[in-house]
Amino acid sequence: MAPLLVGFGAQSVTRAVSSLFEAAESGQAPSGGTSNFRDMLADLATSASQSVQAAEKVSASALHGKASAREVAETLIQAEQSLQTALAVRDKLVAALQEISRMPI
Amino acid sequence: MVESAILQLTHRHAQWLMARQKVLSENIAHASSPGYRAIDVEPFEKLVAAGGLDLRATSPRHLRIAQDGTRAIGTRVQRAFETSHSGNTVSLDQQLVTANEVKQAYMLNSSIVKSLNRLLSSAIKG
Amino acid sequence: MIDPIQTSFRVASSGLYAQSMRMRVVSENIANAYTSAADAASDPYRRKTVTFGDELSRSEGVRYVGVRQIGVDMSPFRLTHDPGNPAANGKGEVKMPNVDPVLELADLREANHGYQANLQVIRQARDLFSLTLDLLKA
């Protein structure tokens, strides 16, 4: 039985990407539009975390000889892309917040 | 810091591959030795199922006591496909095929480790 | 602690050494296969043999191979009829070395095959080491 594959890597991904969601939440006016944006960010984080977990799982299978090198490459590439996307959106969010904080009141 | 499950697995897999490399080095070195029986390592699945990274309890199947991390990886006599008149069961062709398997598996292992580390780094650094 | 790749190198080296010693002895047998003695009272070249042995290294968990001894084959000499030969006996027979070149060549081929295989192990150990170092690069 393969050991439970909850990767430290996957948890970091979730943490890293969602770390600013709290900041995003705090300054927003309550409206349908805002929660959709927050949900979208949360989805990106989850999706990235899930692809990393999937990549880890396929990697483990490959080490046991049950998956091909090709499958490993594909899932790892997918995980990298999901992660890059989530991180890019987070970075944009950080930049936007910084701009907002610089606005004269 | 605790290593993630997948990195623990790649670590164990690498140890298994190193043990296998040693075993086939020995088989090939003894290819002309009268009476020598070719050996192989226990399958990787068996090692993972046994669990634990340090099995201190000795077992009759642990023919080797090594101090290089391959300590608990048991070996066993290989089924002989051919035996020379002197009792030697090493087939060089078979050994070289196994050698190739070890190399490929090691390449896969190190690629996985590199990629996962890269993923982790970018997640932390952003 | 000894690196398992180092161990692989060393075991393969012991194999290389053993097979090359064997090839040396076999070559000597072949070179002297047709050399008769100086006179009828002396013996011609006697075939040499190589005996392999092994040595266990507990710390590395492997057995090295080695040349335990270079022995002499005491099987009888071949007799050829050659009355003109200075080593001929009363019956015109000459003792010739107990070497069969055909068998020796087969031995040589096998030794070479073994030598090449050990060389392959060394190449592989080197590649594995290289791959390991690559882990430290980007």
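Visitor: At what angle do helix α1 of chain B and helix α1 of chain C pack, and how far apart are their axes?
Guide: First, a caveat: this is a predicted model, where local features need pLDDT of at least 70, side-chain atom pairs count only at pLDDT 80 or more, and totals for chains, interfaces and linings use all residues. Residues are numbered from 1 along each chain as its sequence is written, and chains are lettered from A and ligands numbered from 1 in the order in which they are written.
Guide: Now the pair: α1(B), residues 5–29, and α1(C), residues 4–31, pack at about 5 degrees, with axes 8 Å apart. So α1(B) is roughly parallel to α1(C). Angles under 35 degrees count as roughly parallel, over 145 as roughly antiparallel, 65 to 115 as roughly perpendicular and the rest as oblique. Axes are lines fitted to C-alpha atoms, for helices over the stretch in contact, and angles run from 0 to 180 degrees between N-to-C directions. Helices (H or I, at least four residues) and strands (E, at least two) are DSSP runs, numbered from the N terminus.

Visitor: Which residues of α1(B) and α1(C) make the contact?
Guide: On α1(B), they include B:Met18, B:Gln21, B:Ser25 and B:Ala29. On α1(C), C:Pro4, C:Ser8, C:Val11 and C:Gly15 are among them. Contact means C-beta atoms, placed from the backbone, within 7 Å.

Visitor: And by class?
Guide: The contact of α1(B) with α1(C) has 6 nonpolar, 6 polar and 2 charged residues. Ala, Val, Leu, Ile, Met, Phe, Trp, Tyr, Cys and Pro count as nonpolar, Asp, Glu, Lys and Arg as charged, and the others, Gly among them, as polar.

Visitor: How many residues of α1(B) are buried?
Guide: 20 of its 25, so α1(B) is mostly covered. Buried means 20 or more other C-beta atoms within 10 Å of a residue's own, exposed 12 or fewer, partly exposed in between, with C-beta atoms placed from the backbone.

Visitor: What span should α1(B) have?
Guide: 36 Å, for 25 residues at 1.5 Å a residue. The end C-alpha atoms of α1(B) are 36 Å apart, which agrees. The expected span is 1.5 Å times one less than the number of residues.

Visitor: Zoom out. How many residues of chain B are in contact with chain C?
Guide: 26 residues of chain B touch 33 of chain C. α3(B), residues 92–125, is one of the elements giving two or more residues to that side of chain B. α3(B) gives the most, with 9 residues.

Visitor: How does α3(B) pack on α2(C)?
Guide: At about 5 degrees, with axes 10 Å apart. That makes α3(B) roughly parallel to α2(C). B:Leu92, B:Leu96 and B:Tyr106 are among the α3(B) residues there, meeting a set in α2(C) that includes C:Val121, C:Leu128 and C:Leu131. The class count is 9 nonpolar, 4 polar and 3 charged.

Visitor: What do the buried residues of α2(C) pack against?
Guide: α1 and α3 of chain B, together with α1 of chain C. C:Tyr115, C:Asn118 and C:Val121 are among those buried.

Visitor: Which elements make up chain B, in order?
Guide: α-β-α-β-α from the N terminus. That is 3 helices and 2 strands. Of its 126 residues, 40% count as buried.

Visitor: And chain A?
Guide: Chain A has 4 helices and 0 strands. Of its 105 residues, 30% count as buried.

Note on methods:
Two residues are in contact if their C-beta atoms, placed from the backbone, lie within 7 Å.
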